[in-house]
Number of protein chains: 2
Amino acid sequence: MKIIIDAMGGDNAPEAIVKGAAAGINEFSDVNIVLTGDKGRIEDILEGLSYDKNRLEIVHTTQLIEMNDSPVKAMKEKPDSSMAVALKMVAEGKGEMAISAGNTGALVAGATLIVKRLPGIKRPALAPVLPTQTGEVLLIDVGATTECTPKYLQQFGVRGRIYREKMFGLQAPKVGLINIGGEEEKGSELTKQAYQLLKDAPVNFVGNAEGRDLLSGQYDVLVCDGFTGNIVLKFVEGCAKTILGMLKGYIKESTSAKLGAVFMKGAFGKLKKKMDYTEYGGSLLLGLRGGVVKSHGSSDEKAICNSIRNARKFISGNVVELIKDEIAKLAEE
Amino acid sequence: MKIIIDAMGGDNAPEAIVKGAAAGINEFSDVNIVLTGDKGRIEDILEGLSYDKNRLEIVHTTQLIEMNDSPVKAMKEKPDSSMAVALKMVAEGKGEMAISAGNTGALVAGATLIVKRLPGIKRPALAPVLPTQTGEVLLIDVGATTECTPKYLQQFGVRGRIYREKMFGLQAPKVGLINIGGEEEKGSELTKQAYQLLKDAPVNFVGNAEGRDLLSGQYDVLVCDGFTGNIVLKFVEGCAKTILGMLKGYIKESTSAKLGAVFMKGAFGKLKKKMDYTEYGGSLLLGLRGGVVKSHGSSDEKAICNSIRNARKFISGNVVELIKDEIAKLAEE
């Protein structure tokens, strides 16, 4: 399988991206990689690395989408950017999947314009995986579609289900709707109507999920509009940092706690790994005619390698085709 | 000052409420308390307690609003409920403040119908305080007004500012708008327009606050619609529980970590206290002609006593009058 990676997107590009790509080649023997970006700079980074050169190709591009570029404008004015070219290659079937750690808005806009939505899909959705007490939960959407209708949320539920079935091997994953009350009649106009549509959708809908239960492990898929999901996604990061920061402060105040922390180093290390976004391989953009992965803006080499792992699973799981079929069925009903 | 407390609302009512009221009388010498509810049951609980009997009065009520009653219906059909009577007493000037740990929706609906909004106030807002790495932040709204207009959010900002100035002694508290991007042009239609209105409002508006920064200590007031705020409020509770639950699991896996945890008992205790909602004295309902405090549904004796502390500060700070004046000024502009 062939995966196209935008070598120039992200806070640590191109270095971390190129190194992550080489690591991916070493780890997955069935993966070929194309890097889009500044050929000279990419070659300089590759020079010191050991990997199978036959499985890596560079496509030189001359433009760069910056983190604060306006999404649609950037896509239109920078057709030879590393991101646009990566998406074009997926659209033209020159690769099965594109990965970028660059400007999220531009990637969503570009993917919608270039790779295009599947027939019947109302809006794309970005779906990352979050750690829970007992495993993981898929959050859909986290910002591809800020303003939603009930129908969009219903479709997100179906996409989330397929993703969790095919990429995690779950049977009838439990789908929850993020809401401000447990009962059916609670919430905003959007969530009240989405509740009814999710009840009728081909998913194992288990009802509303309140803020305090999102990470409890009761849900396999959490459906919400992109505004809510974006706040939740970033808040997990912030909460973990704040809570551990507070604990660190209290440890510093006491000699006995400082000693205790030494003994707990292993446990803290495991917690850190569990809460580490780089472990989860980025967010899939679901609902398109091809695969697109958004890797975290501050992705390091490991994050990119994990995004490649995710992309690989997505391709083998045939997720695009399955979503296409289910959405077509839903439209017929 | 006289504070009216709904003795029958909340998971631990009436026992925890009545005990909390007695504790409040013992702690604050300038506070008189009226308990509304089932006189016989309240007297039974009071019997064993030591407190100044001259400063506590009981108003017998015959109805009870349940946690899952429909808000507006409950208020209309149960005029002699402990909650409705408490609100009526505030509306009639028989007390300066009402406290209830009962059904939040009913309390908001009842307060709006009975105590009534201040002139010019579009919608009420529930505003709790959350712990941050460096202190606290006021979150406004967390569910009194689920669907908002930009104007509502502007008014929330003004109310939040006054609350933080008067009840925490802050100078020019930093007001942030919860949003999905840092830049001015990011977000939903609601937040984009609210951004502009907050820039023009008499507050120290410092811009958009993303999920990862909500608890960083960069903000004194965080403005959002009630849907978003409710998710955030409950998610703090859930996140803390999940993260500490994960850590507990890792500790159990290792003998050295188990030993370390013993030495860290004090630090964990401080963290628990910092994250404990009962310490923060409930959420103020801001924008009404009188004071109303929503205490957490599972309030214990300490939580009720802290709600009395908050109510006391609210009355001394003259917050109702100040909000009235500022909103009138804003309307004239």
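In this predicted model, the buried residues of α5(B) pack against the helices α3 (71-77) and α4 (82-91) and the strands β4 (97-100), β5 (125-127), β11 (283-286) and β12 (291-294), which belong to chain B. The helix is mostly covered, with 11 of its 12 residues buried. These are B:Thr104, B:Gly105, B:Ala106, B:Leu107, B:Val108, B:Ala109, B:Gly110, B:Ala111, B:Thr112, B:Ile114 and B:Val115.

The length of α5(B) can be checked against its residue count. At 1.5 Å a residue, the 12 residues of this helix (residues 104-115) should span 16 Å, and the end C-alpha atoms are 15 Å apart, which agrees. After the helix comes B:Lys116, which has a positive phi, near 75°.

In soluble globular proteins, nonpolar side chains tend to be buried together. The largest nonpolar core here has 228 residues, of which A:Val223 and B:Val223 touch the most other members. Domain 1 (1-121 + 287-333) and domain 2 (130-277) of chain B both contribute residues to this core, so it lies between them. Leaving out residues up to four places away in sequence, B:Val223 touches B:Ile140, B:Leu153, B:Phe156, B:Gly157, B:Gly160, B:Val175, B:Leu177, B:Ile178 and B:Leu198.

The last topic is the contact between the chains, to which chain A gives 52 residues and chain B gives 52 residues. On the side of chain B that touches chain A, the elements giving two or more residues are α8 (226-252), α9 (255-263) and α10 (265-274). The largest share, 20 residues, comes from α8(B). By class, this side of chain B has 25 nonpolar, 17 polar and 10 charged residues.

Note on methods:
Residues are numbered from 1 along each chain as its sequence is written. Chains are lettered from A and ligands numbered from 1 in the order in which they are written. This is a predicted model: local features need pLDDT of at least 70, side-chain atom pairs count only at pLDDT 80 or more; totals for chains, interfaces and linings use all residues. Two residues are in contact if their C-beta atoms, placed from the backbone, lie within 7 Å. Helices (H or I, at least four residues) and strands (E, at least two) are DSSP runs, numbered from the N terminus. Ala, Val, Leu, Ile, Met, Phe, Trp, Tyr, Cys and Pro count as nonpolar, Asp, Glu, Lys and Arg as charged, and the others, Gly among them, as polar. A nonpolar core is a set of buried Ala, Val, Leu, Ile, Met, Phe, Trp, Tyr and Cys residues joined through C-beta atoms within 7 Å. A residue is buried if 20 or more other C-beta atoms lie within 10 Å of its own, exposed if 12 or fewer, and partly exposed in between; C-beta atoms are placed from the backbone. Domain bounds come from an automatic or database domain assignment. The expected span of a helix is 1.5 Å times one less than its number of residues.
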